[in-house]
Amino acid sequence: MAADFVLNVKPRDEHGKGASRRARRAGRVPAVMYGHGIDPVHMTIDGHDIMMAMKVPNALLEIKNDDDGFKSLAVAREVQRHPVRRDIVHVDLIKVKKGEKIEVDVPVTLEGESAPETIVSLEAVTVRVLADATDLPEEVIVSVEGREAGDHIYAGDVKLAGDVELVDDEELMVVNIAQEMSAEELEAELESDAQPDEPEAAEGDAEEAGDDAAEEESED
């Protein structure tokens, strides 16, 4: 199967906060790839390219370096983001091969309309599955069409495509259908939840704290 994205990378020989900062200032994101018994491969990836790739859940990536001929298939195992700006600051990649199966978390997408005067609550935003590493699902679709108040949909009820296997407990609640609150009940709940506003931290302080946290998390 063809990769969803081809990412041209550069080797990363320097490590530490200073090197990470320089890479990000240059518009690149530090990353490391491991798996299949290989030594960790440290690299940097174009920031825009990795941002676009990470918009697709469980995207299959072709990692290549045209300078030395390096090429491998991989998927993102962990993506670290800046706590304030939410841009990507570091990525852990896992090397994969066609035919092997790996565990991944797949986003749940709801479709359909539940019964009138009901509220649909998504209790689990993802379900964990075992699937072919080169053909990972981007989503699982759960229908709530016509569901009544008091209905529940569990992980074991979710329909999975092909040879995808459920890893989560079958009794994990994915969707809960509840009765819609009356206007009086909603008003009473809002009043009970009302709290005085807390003073917000200065934006500059939050940015600085976020940078420090991101750098500490992204150290290899």
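"Buried" stands for under 20% relative accessible area, "exposed" for over 50%, and "partly exposed" for anything in between (1.4 Å probe, protein chains only). Strand β4 spans residues 61–65, and with five of its five residues buried it is mostly covered.

A word on the ground rules: this is a predicted model, where local features need pLDDT of at least 70 and side-chain atom pairs count only at pLDDT 80 or more, while totals for chains, interfaces and linings use all residues. Residues are numbered from 1 along each chain as its sequence is written, and side-chain values use heavy atoms, with hydrogens and water left out.

Taken as a whole, the protein has four helices and 13 strands. Of its 220 residues, 34% are buried. The accessible surface comes to about 13000 Å², and carbon and sulfur atoms own 47% of that. Those areas come from the Shrake-Rupley method with a 1.4 Å probe, and for residues only the protein chains shown count as cover.

Back to β4 and its partners, where two strands pair if DSSP finds at least two bridges between them. On one count, β1 and β4 run parallel and are joined by four bridges, with Leu7 having Ile63 as its bridge partner in β4.

Ala76 stands opposite Leu93 in β6. This is a hairpin as well, with six residues between β5 and β6. Strand β6 (residues 88–96) is largely enclosed by the rest of the structure, because nine of its nine residues are buried. Strand β2 (residues 28–35) runs parallel to β6 and is joined to it by four bridges; in that pairing, Val32 stands opposite Asp92.

Strand β8 (residues 118–122) pairs with β13 over five bridges, and Leu122 stands opposite Val175. Strand β11 (residues 152–154) is joined to β13 by three bridges, with Asn176 in β13 as the bridge partner of His152.

Rolling a probe the size of a water molecule over the atoms shows where empty space is left. The largest pocket holds about 330 Å³ of space, and 14 residues line it, the closest to its centre being Asn58, Ala76, Arg77, Val79 and Asp105. On a 1 Å grid over the protein atoms alone, a pocket is an open set of points with protein on both sides within 12 Å along at least five of seven lines, and lining residues have an atom within 4 Å of a point. Grid points are joined across faces, edges and corners, and the volume is the space filled by probe spheres set on the points. Strand β5 gives the largest share of the lining, five residues, and both β5 and β7 (101–111) supply at least two residues each. By type, the lining divides into eight nonpolar, one polar and five charged residues. Here Ala, Val, Leu, Ile, Met, Phe, Trp, Tyr, Cys and Pro count as nonpolar, Asp, Glu, Lys and Arg as charged, and the others, Gly among them, as polar.

A few loop residues deserve a look. Most residues other than glycine have a negative phi. Arg86, in the loop between β5 and β6, has a positive phi near 70° and counts as partly exposed because its relative accessibility is 46%. Glu117, in the loop between β7 and β8, also has a positive phi, about 60°, and is exposed at 54% relative accessible area. Asp13 lies in the loop between β1 (5–11) and α1 (17–25) and counts as exposed at 70% relative accessibility. The C-alpha atoms of Asp13 and Met43 are separated by 7.9 Å, although the two are 30 residues apart along the chain.

Notes: 1 Å grid on protein atoms, 1.4 Å probe; cavity = no way out; pocket = protein on both sides within 12 Å on 5 of 7 lines; lining within 4 Å.
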